[in-house]
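Here is my note on the charged side chains. Please read it with the model open.

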Amino acid sequence: MKVDREIIVLCAGGYARVVIDILRRSGQTVTAVTDNNSVLHGTRLDDVPIIGPDVTVFERDPKTVALVNAMGNAPKIGDNALRRRRELFDLFTSKGYEFVGVNSPDAIVSERAVLGAGSHIIAGAIINPGCTIGVNSIINTGAQLDHDCRVGDHTHIAPGAVLSGAANIGHECHVGAGAVVVQGVSIGAGAIVGAGAVVVKDVPVGATVFGSPAKLPTT
């Protein structure tokens with residue numbers, strides 16, 4: 001769907017290049033990027049000007065601007081990037097700004113799937129009937145969601161991850177690259193599934209699991 005407002009991308013990292021590319025190939029024009037790193041101000045990201053910190057957006061009327069949340073969210077020790085991504089989303093929506101979705105023309109999305117506001121569906125992703133994707137979530141490159149999967153708000157399904165039918169992923173979760181979640185398994189809110197893990201049973205809230213089969217780390 002064509003957006004008839006100025007599109008501004010928040011955060012000028014590598015993931016921003018991905019969403020800018022998708023938006024352009026979908027016929028959209030990105031007018032500006034923001035980033036809190038002052039070194040980047042006045043430079044350009046793939047020919048789009050970086051105009052200042054994120055709060056620069058507040059100089060624009062919310063009715064004239066559509067935002068895209070390009071904060072990357074690979075989990076790092078001591079840095080809850082998923083929480084920061086949510087906080088950025090919450091800050092701007094609380095002031096009346098709208099985040100638009102990013103849906104790659106190279107993704108396959110069933111008409112019987114439901115996509116939350118500001119969700120991102122990246123190239124090669126497959127989302128089958130009955131799936132529900134929460135707000136501000138990312139279904140990244142080549143991820144596959146079989147029928148009736150549920151993905152919570154502010155969650156990242158990383159490149160190449162596979163969710164079998166009726167998998168249930170909570171809010172603010174990270175399912176790592178190439179991980180597999182078998183049919184009917186639930187991942188608790190705030191949990192992290194390591195890259196390449198094979199999850200065969202439910203994962204508790206806030207837990208980190210890895211390996212095949214996926215297990216909690218030993219102490």
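1. Arginine 17 and aspartate 46 form a salt bridge, 2.9 Å from N to O. The term means a side-chain nitrogen of Lys or Arg within 4 Å of a carboxyl oxygen of Asp or Glu. The pair links distant parts of the chain, 29 residues apart: arginine 17 is in helix α1 (residues 14–25), and aspartate 46 is in the loop between β3 (44–45) and β4. Helices (H or I, at least four residues) and strands (E, at least two) are DSSP runs, numbered from the N terminus.

2. This is a predicted model: local features need pLDDT of at least 70, side-chain atom pairs count only at pLDDT 80 or more, and totals for chains, interfaces and linings use all residues. Residues are numbered from 1 along each chain as its sequence is written, and side-chain values use heavy atoms, leaving out hydrogens and water.

3. Glutamate 6 pairs with arginine 60 in a salt bridge, with the closest N and O atoms 3.2 Å apart. Again, distant parts of the chain are linked: the two residues are 54 residues apart. Glutamate 6 is partly exposed at 22% relative accessibility. Buried means under 20% relative accessible area, exposed over 50%, partly exposed in between (1.4 Å probe, protein chains only).

4. Arginine 25 and aspartate 21 meet in a salt bridge at 3.1 Å, N to O. They sit four residues apart in helix α1, so about one helical turn separates them. Shared partners join Asp21, Arg25 and Asp106 into one network of salt bridges.

5. Arginine 85, in helix α2 (residues 81–93), is buried yet has no salt bridge. What lies 3.0 Å from a polar atom of its side chain? The backbone oxygen of methionine 71.

Definitions and conventions: Lys and Arg count as positive and Asp and Glu as negative; His and the chain ends are not counted. A polar contact is a pair of N or O atoms within 3.5 Å; within protein, one must be able to donate a hydrogen and the other to accept it, and residues adjacent in sequence count only if both atoms are side-chain atoms.
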